[in-house]
Amino acid sequence: MGGGLTSNLLAGKGYAVTGVELDEHIIESAQNYFHLNNNTIAIADDARRFINNCGDKFDVILIDVFKAEEQPVHVITIESLQKLKQCLKEDASLIINWHGYLKGERGLGTSILLNTLKSAGFNCKVVAASNKEDERNILIFASLKSPEVKK
């Protein structure tokens, strides 16, 4: 959840938001200094533990778990992603904020993640706002249904 910027944007548009943040001090900072929307349910927990114990179903799950320049890999294993599917409604989307590399050796992590998502039963689309890999993040949109092609 971090400072709650995305949570605030969504809650401000009337969405019910549950934010999971590993560090309870970050939640306190979000509430005290970044005006975390009072309607956001903020949970201090490890993302993988939350997924393993979650009984709720969500329309959208956003994974943005950067720890400095790396992603905690225990959140994006095939086992975790298969468990995560149980937290999604039938037409739901999973969105992963990821580093911007798609090509060459630096893009291997992205290729592995996309293959892992596919093995877990997700259909994926990658969106990048820039062609400069060193200066961007990408968003991976994943769903359980195949994307519809408009004619």
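**Reading the labels**

Me: Happy to start anywhere. Which residue in β6 is the bridge partner of V126?

Reply: Keep in mind that this is a predicted model. The bridge partner of V126 in β6 is I140.

Me: What makes β5 and β6 a pair?

Reply: Two strands count as paired when there are at least two bridges between them. β5 and β6 (residues 137-143) have six bridges, in the antiparallel sense, so they meet that cut-off.

Me: Why are β3 and β5 said to stand at the edges?

Reply: The open sheet has four strands in the order β3-β4-β6-β5, with mixed pairing. β3 (58-63) and β5 (123-128) each have a single partner strand, so one side of each is left without a neighbour in the sheet. On average, neighbouring strands here are turned by 20° against each other, direction ignored.

Me: Which helices pack against that sheet, and where?

Reply: Helix α4 (residues 78-85) touches β3 and β4 (88-99), and its direction makes about 145° with that of β4. Helix α5 (residues 108-119) lies across β4, β5 and β6, running at about 170° to β4.

Me: What meets what between α4 and α5?

Reply: I78, L81 and Q82 in α4 meet T116, L117 and S119 in α5. By class, this contact has three nonpolar, three polar and no charged residues.

Me: How do you know whether D45 is buried or exposed?

Reply: Buried means under 20% relative accessible area. D45 has 16%, so it counts as buried. This residue is in the loop between β2 and α3 (47-53). Leaving aside residues up to four places away in sequence, D45 touches V20, E21, L22 and F50.

Me: And H35, buried or exposed?

Reply: The cut-off for exposed is over 50%. H35 has a relative accessibility of 65%, so it counts as exposed. You will find H35 in the loop between α2 (24-33) and β2 (41-44).

Me: What is the phi of H35?

Reply: H35 has a positive phi of about 55°, although it is not a glycine.

How values were computed
Residues numbered from 1 in each chain as written. Predicted model: local features only at pLDDT ≥ 70, side-chain atom pairs only at ≥ 80, totals over all residues. Heavy atoms only, no water. Helix = DSSP H or I, 4+ residues; strand = E, 2+ residues; numbered from the N terminus. Axes fitted to C-alpha atoms, helices over the stretch in contact; angles between N-to-C directions. Contact = heavy atoms within 4.5 Å. Buried < 20%, exposed > 50% of the residue type's maximum accessible area, 1.4 Å probe, protein only. Nonpolar A, V, L, I, M, F, W, Y, C, P; charged D, E, K, R; others polar.
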